[in-house]
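This briefing walks through one protein structure, topic by topic. Keep the sequence and the 3D view open while reading.

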Amino acid sequence: MNEVVNGIAGRPGAELAVIPRGTGWDFVRTYGIPRRLDDALRIVRDGRAREIDAGRVRFRAWEGGDRVAYFANIGSAGMSGAIAKRANETSKALGGKLSYFWATFAVFSRWRNSEVELVVDDERRRARMHDVVVANGRYFGGGMMICPQADPSDGLFDVLTIGDLTKRDLLLTLPKTYRGSHLPHPKAELLRGKVVEVDAPAPLPVELDGEQPGTTPARFEVVPRALRLRVPG
């Protein structure tokens, strides 16, 4: 899905239709696109086109140099990039939810936080963080409703900072993310904006729609109504 988005974002007349055959199903959850094959095909044929925003990101590619890419659902910088990489390198035989759940604990046990520099429009933050989540959609990580109020058509990102969590914090909070009941939280902050810049002394992995194309420094920008998505009528 992310590769197709990078091919059609901003192209007049192009429409995106998704048949959910992957592991996490995170993108389609926000729009109520059904997972059953016949039902999804009916949306492709009979659904309406909804204009949604996309994110455009400039980051440091693994091979060196700057690169620009788009995402449709969620981008992030920090631990979630390492979690996505770990989950993608496993068989995912247990399904998306359990694969990402166990990947989260495996990465968390070895992760070392660093001081993160964050700018969201005119708001500045500098703190030790596990993650900066830049959300257009609501779900990632195999069903975590990480930003329950995110609206993919409002021209703004929901930006969630995840601070210096302890193991106890993770154990108590992670189950709540699947219900979207984890906010407010004393070690998280929700901001909204059109432009998000993330940097850190040591490069952090960047994640875009479950892919890991590079590292910080990263600049995320909203591209309003850059995609037309087939959704239930």
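**Strands, charges and a pocket**

E221 counts as partly exposed because its relative accessible area is 25%. The model described here is predicted.

- The side chain of E221 meets that of R219 in a salt bridge, at 3.6 Å from N to O.
- R219 has a relative accessibility of 33%, so R219 is also partly exposed.
- Side chains of opposite charge can pair when their charged atoms come close.
- R219 lies in β11, where R219 stands opposite E197.

**Strand β11 and its partners**

- Strand β11 covers residues 211-231 and is joined to strand β1, residues 48-61, by twelve bridges.
- β1 and β11 run antiparallel, and within this pairing G55 stands opposite V222.
- Strand β9, residues 195-199, is joined to β11 by four bridges, and these two strands also run antiparallel.
- Strand β10, residues 205-208, has three bridges to β11, again in an antiparallel arrangement.
- P205 has T215 in β11 as its bridge partner.
- β10 and β11 form a hairpin with two residues between the strands.
- In that hairpin, D209 takes a positive phi near 50 degrees.
- In a regular strand the side chains alternate between the two faces of the sheet.

**Other salt bridges**

- How many salt bridges does the structure hold? The count is 18.
- One of them joins E115 and R126, whose closest N and O atoms are 3.2 Å apart.
- This pair links distant parts of the chain, with E115 in strand β4 (residues 114-120) and R126 in strand β5 (residues 123-129), eleven residues apart.
- E115 is partly exposed because its relative accessibility is 28%.
- R126 reaches 55% relative accessibility, so R126 counts as exposed; the cut-off for exposed is over 50%.
- R36 and D39 form another salt bridge through their side chains, at 3.5 Å from N to O.
- Is R36 buried or exposed? R36 is exposed, because its relative accessibility is 51%.
- D39 has 24% relative accessibility and therefore counts as partly exposed.
- A network of salt bridges links E15, E51, R225, R228 and R230.

**The loop between α1 and α2**

- The loop between α1 (2-8) and α2 (26-29) holds I19.
- I19 is partly exposed because its relative accessibility is 36%.
- Together with L37, L41 and V44, I19 forms a nonpolar patch on the surface.
- The accessible area of this patch is about 280 Å² in total.
- A17 is placed in the loop between α1 and α2.
- A17 has a relative accessible area of 36%, so A17 is partly exposed.
- A17 and R228 are 211 residues apart in sequence, but their C-alpha atoms are 8.8 Å apart in space.
- W25 also has its place in the loop between α1 and α2.
- W25 is not a glycine, and its phi is positive, near 60 degrees.
- The relative accessible area of W25 is 32%, which means W25 is partly exposed.

**The largest pocket**

- Rolling a probe the size of a water molecule over the atoms shows where empty space is left.
- The largest pocket holds about 1,000 Å³ of space.
- Its lining is made of 48 residues.
- Which residues lie nearest the centre of the largest pocket? They are D26, Y100, F140, G141 and G210.
- α1, α2, α4 (79-88), α5 (96-108), β7 (157-162) and α6 (167-177) are the elements that give two or more residues to the lining of the largest pocket.

**Backbone details elsewhere**

- The peptide bond from L183 to P184 is cis, and its omega is near -5 degrees.
- P184 is found in the loop between α6 and β8 (188-193).
- A cis peptide bond also runs from T216 to P217, with omega near 5 degrees.
- P217 is found in strand β11.
- D121, which is not a glycine, has a positive phi of about 55 degrees.
- The loop between β4 and β5 is the place of D121.
- D121 is partly exposed because its relative accessible area is 35%.

How values were computed. Residues are numbered from 1 along each chain as its sequence is written. This is a predicted model: local features need pLDDT of at least 70, side-chain atom pairs count only at pLDDT 80 or more; totals for chains, interfaces and linings use all residues. Side-chain values use heavy atoms; hydrogens and water are left out. Two strands pair if DSSP finds at least two bridges between them. Patches are made of residues with over 30% relative accessible area and no salt bridge: like charges are joined within 9 Å, nonpolar side chains (Val, Leu, Ile, Met, Phe, Trp, Tyr) within 5 Å. Accessible areas come from the Shrake-Rupley method with a 1.4 Å probe; for residues, only the protein chains shown count as cover. A salt bridge is a side-chain nitrogen of Lys or Arg within 4 Å of a carboxyl oxygen of Asp or Glu. Buried means under 20% relative accessible area, exposed over 50%, partly exposed in between (1.4 Å probe, protein chains only). On a 1 Å grid over the protein atoms alone, a cavity is a set of points where a 1.4 Å probe fits but cannot get out, and a pocket is an open set with protein on both sides within 12 Å along at least five of seven lines; lining residues have an atom within 4 Å of a point. Grid points are joined across faces, edges and corners, and a volume is the space filled by probe spheres set on the points.
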